[in-house]
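Here's a walk through this protein, written for someone with the model open on the next screen. Have a look at the structure, then read on.

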Amino acid sequence: MQAISGPVKPTLASTKRSSASLLLATSARHHGFEDLHVEGQLPSDLCGTLYRNGPGLFEVGGVPYAHPFEADGAITALRLQGGRASGAHQILETPELARERAANRHLHGLNRAWHKRLWGSYFGTQKNTANTSTFFHQGELYALMEGGRPTRVDQNTLARLGESSLEGALGSTFSAHPHAVPARKTTYNFGVTYGRRSTLTVYAMPEAEQAYVLTRVTLEHGVMLHDFIATEKHLVWFVSPAKLSVARFAVGLADFNRLFQWDAAAGTEVIVIPIDDPAAVRRFRVPAFFQWHFANAFERGSELVIDYMHFDDFSVFRTLGHDALVPGKFQRAIVTERDLRIESRSALPCEFPQVHPAFHAREARVTWAALQDAAGGIVRFDEHGERTFRFDTASRVSEAVVVPKASGASEDDVYLIALVLDDRTQKSFFAVWDGPTFERGPVTKAWFDHASPITFHGTWVSA
Ligand SMILES: [Fe+2]
């Protein structure tokens, strides 16, 4: 390990704001890669770049977007290379945003007059804000937002390079949560298109071949569908009854928070698609619950064992309008032929679950998540329970990305990297934990000289 010092030191901010509000505020500065101030030591065997994505520009013409989900995406990155840590925070400049900047007012989204919104919906001229996650596929970096296609991003300048259909394979939407199945050397994802018949289109993206449509499924309603999960043989969706009011959306009768109506009586629909026989889809309903994110899943005899973050209902969606981080509960769903039973795994408030990438779609013993209590930290779950690290001062901690060490094959031979907003200094830093000793705290903190807004998801790309 080697100690590094950069030129920028964190200082206390002069005007104190709540860290919750800073997570939903445009950063004071946008910049390419520059040296970060490093506390602690950089692991000598950790070399590469972490790209994280989230809403970064929250207003145009001095008028805030109607909901943080409408904000323009920003990539926040950490590069560890040559014994140095550098960081970047750049807005993804879409042509639509450029036109809005020139006009100094909103031209897209829910702040427009209803007839203009209707026009935009009909002619497909909505803005692809690319504000949710990142995806690294066949040597290219993409920023994802579930309402549009992947956006290609320059890995060094973080400039937006344009939308991609993956050489014609994709339709108009692509979820922010692709899932890799290492045993198949293939990543899967889906897109939902809304209309008289809302459709779930499932994509397969082999590591070295052309992407293709695996299958299409008609949904009973337009729904909020954020994530899914894969085992080595099946793809699984939990379709919660958060139904989109298409008419309300088109004519502007609802704000963003009321676009989706929770219909608890309808229950959650479980959709199971066998990868080798996608036409043999299995569908059934269970009592309603909601989830944003899955951790992992695996086959156990005739059962599918699925770890995920559980919410009793959809109220989390409205809370997200004024607080960026809303924790769920870590639970296990066991899917049988026509039923689902739920086992609680923890009562801790947490979100953004992650496992070692080599264990995707097969049984993982260890799951990591962002701990979202008053202190903030990270939590490690296994069959014996939970272990935690909490910061001394209140901190807002992002998803911890799991980076395997080159030297080890166990689930604990990893580094964890998260973006943290420190309440005391009102600055953001990347924290790096060493898996086996994570309870002692980060081995490295790499500080920005500004607060960075929330990032939802990220991808580590090894050098
Ligand atoms: Fe997500």
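The protein chain has five helices and 36 strands. This is a predicted model, and its average pLDDT is 90, with 89% of the residues scoring at least 70.

Of the 463 residues in the protein chain, 46% are buried. If you take the contacts with a separation of 6 or more, 57% of them link residues 24 or more positions apart.

**The core**

The largest nonpolar core holds 115 residues. Which of them touch the most other members? Those are Ile378, Leu416, Ile417 and Ala418. Strand S33 (residues 414-422) supplies the largest share of this core, with eight residues. In general, nonpolar side chains in soluble globular proteins tend to be buried together.

Leaving out residues up to four places away in sequence, Ala418 touches Ala370, Ile378, Val397, Ser398, Glu399, Ala400 and Ala431.

| Strand pair | Sense | Bridges |
|---|---|---|
| S23 and S24 (residues 303-310) | antiparallel | six bridges |
| S24 and S25 (residues 329-335) | antiparallel | seven bridges |
| S25 and S26 | antiparallel | five bridges |

You can pick out single partners across these pairings if you'd like landmarks. Asn296 has Asp307 in S24 as its bridge partner. Leu304 stands opposite Val335 in S25, and Ala333 is bridged to Ile342 in S26. As for how the chain gets from S25 to S26, a hairpin of four residues joins them.

Another open sheet of four strands runs in the order S9-S10-S11-S12, with antiparallel pairing. Which strands stand at the edges of this one? They are S9 (133-137) and S12 (160-163), and because each has a single partner strand, one side of each is left without a neighbour in the sheet. Neighbouring strands in this sheet are turned by 30° against each other on average, direction ignored.

Within that sheet, S9 pairs with S10 (residues 140-144) over five bridges in the antiparallel sense. A landmark there is Phe136, whose bridge partner in S10 is Leu141.

**A loop residue: Ser198**

Ser198 is in the loop between strand S14 (186-193) and strand S15 (199-206). Is Ser198 buried or partly exposed? The count is 19 C-beta neighbours inside 10 Å, so Ser198 comes out as partly exposed; a residue needs 20 or more to be called buried.

What does Ser198 touch? Not counting residues up to four places away in sequence, the list is Val192, Thr193, Leu219, His221 and Gly222. Gly222 is 24 residues away from Ser198 along the chain, yet their C-alpha atoms are separated by 5.4 Å.

Notes. Residues numbered from 1 in each chain as written. Predicted model: local features only at pLDDT ≥ 70, side-chain atom pairs only at ≥ 80, totals over all residues. pLDDT = per-residue confidence, 0-100. Core = buried A, V, L, I, M, F, W, Y, C linked by C-beta atoms within 7 Å. Buried ≥ 20, exposed ≤ 12 C-beta atoms within 10 Å, placed from the backbone. Helix = DSSP H or I, 4+ residues; strand = E, 2+ residues; numbered from the N terminus. Contact = placed C-beta atoms within 7 Å. Pairing = 2+ DSSP bridges. Axes fitted to C-alpha atoms, helices over the stretch in contact; angles between N-to-C directions.
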